Amino acid sequence: MPPKTAAPAAPDAYKKLGAAKLLKIHELMVRARLLEERLIKMSKGGDGFFWIGGPGEEAFNVPLGMQIKKGHGVNFDFLHLHYRSAAITLAMGAKPIDALRQMRSVATDPYSKGRNFVNHYAIPEYNVVPVSPTIETQYSTSIGTGIAQARAKTDAVTIVNGGDAGTAEGDFHSCLVWANRPVLPLPILIIVVNNGWGISTAGRTQHGEKNISDWAKPFPDMPGKTINGNDIIESWAALEEAFSYVRKNRKPYLLEARTSRLYGHSSSSGANRIPEPDCIELLEKGMTERGLAKAADFKKTWDAEAAALDAAHKQVKVEPFPETASVWEDVFADGLPSSYPTKGGS
Ligand SMILES: Cc1ncc(C[n+]2csc(CCOP(=O)(O)OP(=O)(O)O)c2C)c(N)n1
């Protein structure tokens, strides 16, 4: 069984991953960061109603998205995500414009047709199940796809992520119990991204356990590990190890990533920049110090991604809002009960 604590990254780990891959990771991190900053601006500028997202989690979420076995159906990985996961979906190939669409609540939003709030993805072709604003329920729904994949002959796995405060809820513990039943262990990569806060409540005032990953201790077959999720090298290696364990052994793995929360909880808490470590700055510093890239390489990426986002935003501004009559669409799988109004609404 892998150790319960993280080993420090090897000194040459940057070079092992290689400049080309690191630059690709950097590009996706920049795309995610600029997207979130644009979404914040939209929420403050009347171009949307509410923002919640994941700036500060890119060094963990991009490697996660890049290591997914992407596709539709039981033979591909299933993702039960929460609202700070944009960098995961972007690394899988989602387009920033679709998040802008959901923020502006336009009818072209592919995730919810302009009906849900931002960073609530639903991507059937990538097995990304709809994100719930009710926290932690994703740990319960992940049991379902975990069971399907435990029964199927496949190397595909289920991934569930959420925050540290939510682990106080029963759904998280149901997931641990179900994933570890000796009669049918489940191939679930159980992730907790620990940013130290539950809205405005400090984690240190709430958690008697030292690490969230210590919840693995009662289950001898489930490794538990805590890593520095602001470090791209540590994140990449830990995810590789965890994915490989779950895919091969068809058993769960509990991974806790400590990250920054760079713009606070949401637009409700102001969404202003907070002086915590910035994983993109750390990556740029690490690459520059090792001669793997220059400041000009990074600037090119920032400029190109910003220009692409400008064009996408311009496009979304002229897209239509949903028709009023569409308000009942997709509410019930088999149509509306006869007691519901079918026209207009009141
Ligand atoms: C069941 C439920 N309880 C409370 C809330 C309100 N709420 C939204 S986010 C949040 C804090 C979640 O903190 P954490 O789990 O650490 O995740 P983070 O937002 O920090 O990533 C709470 C309490 C909710 N959405 N759902």
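Which of the 13 residues around the ligand come nearest? In this predicted model, local features need pLDDT of at least 70 and side-chain atom pairs count only at pLDDT 80 or more, whereas totals for chains, interfaces and linings use all residues. Residues are numbered from 1 along each chain as its sequence is written.

The nearest of the 13 residues around the ligand are Ile135, Gly163, Ala165, Gly166 and Gly198, a residue being near a molecule if its C-beta atom, placed from the backbone, lies within 6 Å of it. At least two residues of this shell come from each of strand S2 (158-163) and strand S4 (197-198); strands (E, at least two residues) and helices (H or I, at least four) are DSSP runs, numbered from the N terminus.

Helix H3 (residues 58-66) is largely enclosed by the rest of the structure, because eight of its nine residues are buried. A residue is buried if 20 or more other C-beta atoms lie within 10 Å of its own, exposed if 12 or fewer, and partly exposed in between, with C-beta atoms placed from the backbone. The cover over the buried residues of H3 includes helix H2 (19-44), helix H4 (86-92) and strand S3 (188-194). Methionine 29 touches Glu58, Ala59 and Val62, among others, not counting residues up to four places away in sequence; contact requires C-beta atoms, placed from the backbone, within 7 Å.

Phi is positive in asparagine 127, near 60 degrees, and in aspartate 330, about 65 degrees. Asparagine 127, in the loop between helix H5 (96-104) and helix H6 (137-151), is buried, with 24 other C-beta atoms within 10 Å. Aspartate 330, in the segment after helix H10 (295-317), counts as exposed, with 10 C-beta neighbours inside 10 Å.

Methods. Contact = placed C-beta atoms within 7 Å.
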